[in-house]
Protein chains: 2
Amino acid sequence: MDIRTLCLGILTKGDATGYEIKKTFEQELSHFYDASFGSIYPALTKMTEEGLVNCTEQAQEGRPDKKVYAITPAGRMSFLDALSKEPRKDKIRSEFLAMLMFSDLLSPSRVAHLIDRRLKEVDDFINHKAGCHTEAMTNAEKFLIGFGEAIYRAERDYLNENRHLLEAEALLSAKSAAG
Amino acid sequence: MDIRTLCLGILTKGDATGYEIKKTFEQELSHFYDASFGSIYPALTKMTEEGLVNCTEQAQEGRPDKKVYAITPAGRMSFLDALSKEPRKDKIRSEFLAMLMFSDLLSPSRVAHLIDRRLKEVDDFINHKAGCHTEAMTNAEKFLIGFGEAIYRAERDYLNENRHLLEAEALLSAKSAAG
DNA sequence: AGAGTCATGTAACGCGTTACATGATTGT
DNA sequence: ACAATCATGTAACGCGTTACATGACTCT
């Protein structure tokens, strides 16, 4: 599923500008997808040409015209077709975990720093994004936030309970290098 | 952290061929990174030119010469330098979660299928990869496998406990479409 | 005064995948 | 017979990011 298709999906939830679609990526999809303006705007332009969406320009003062996109029946068909494909394996790229894999090459304080930093991000999510289920949310939205929360809680607990394994590892290497 | 740097990291654990590096990606890094031959082989060739690794060819019968790569002191320095940078935010791309976000457009059986399929993958990991800590493993390797296991367990439990939210959502849409 | 928000777009570039090319050996 | 494993490599292509370009309005 490319960014293009996901933009189409976002438009099934309601009309939006490119700018608003970007915000949706940041706010609702951020823990399982992301996209930049450089991919969103060209995608919308192209899909307009292809008749999957249509665009209504709204003049504004002191700003570029706001372009509100709406999905067309052809666009909806195209999106449903994409949803009928089997989802591909998740693609994950975690520099955090990659670095921890080499914790034997790091100082104990560096390992501690990496983990503390991550725990802070995880806690921030749990405290701010999670738990604030509003009326307007669909079940799917609640489900996804709850999913993120469950994963983050598991991660937090695991890091707290097992960080000593890596901190000991780093300590050992530091000792053997010194001795 | 690009594939190139990660290959260098893998070589800090011991000499290896491109083929073996690929296997390492599949077996040890698969839940937080992946790489294809098309990125590994050119990376090794380039790093050889740059003096970050060196290459010893071993003639073989009926097969291409095996090229065993070893990291050089310059390569080790370069990798340590990469480890000193702050890790960037994880990049995740989950078609599974993206599809669930649009579960209101899917039939209940389709939603159930997607979740069942995912649960199978998760269970497979928990039953096969997790829990088999051997003697030869470093603490970092145990930590990472344990991490994966913790996350997968949380995911499994969450899916089992909350799938009804999405299955109900889909059911509702199906009804309203029919009615 | 400076950061953040609203608002769109393009061009160059990087990085990696996919598919192709080759081919023996071993297990089912 | 067929698939998998071992083993390396290239070229085309896709997809997306980064950086640049522009500019007003609002909050601190």
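Domain bounds here come from an automatic or database domain assignment. The model is a predicted one, so local features need pLDDT of at least 70 and side-chain atom pairs count only at pLDDT 80 or more, while totals for chains, interfaces and linings use all residues. Residues are numbered from 1 along each chain as its sequence is written, chains are lettered from A in the order in which they are written, and side-chain values use heavy atoms, with hydrogens and water left out.

Chain A splits into domain 1 (3-83) and domain 2 (95-178), and the C-alpha centres of these two domains of chain A sit 33 Å apart. Six residues of domain 1 of chain A touch six residues of domain 2 of chain A, contact being heavy atoms within 4.5 Å. About 450 Å² is buried between the two domains of chain A, 52% of it on carbon and sulfur atoms; buried area is the accessible area (1.4 Å probe) that two parts lose on being put together, summed over both.

Turning to the pair of chains, 65 residues from chain B meet 65 residues from chain A. About 6500 Å² is buried between chain B and chain A, with carbon and sulfur atoms giving 64%. On the chain B side, Arg93(B), Met101(B) and Phe143(B) lose the most area to chain A, together 12% of what that side buries.

Twelve salt bridges are counted between chain B and chain A, each a side-chain nitrogen of Lys or Arg within 4 Å of a carboxyl oxygen of Asp or Glu. Asp104(B) pairs with Lys13(A) in a salt bridge, with the closest N and O atoms 3.9 Å apart.
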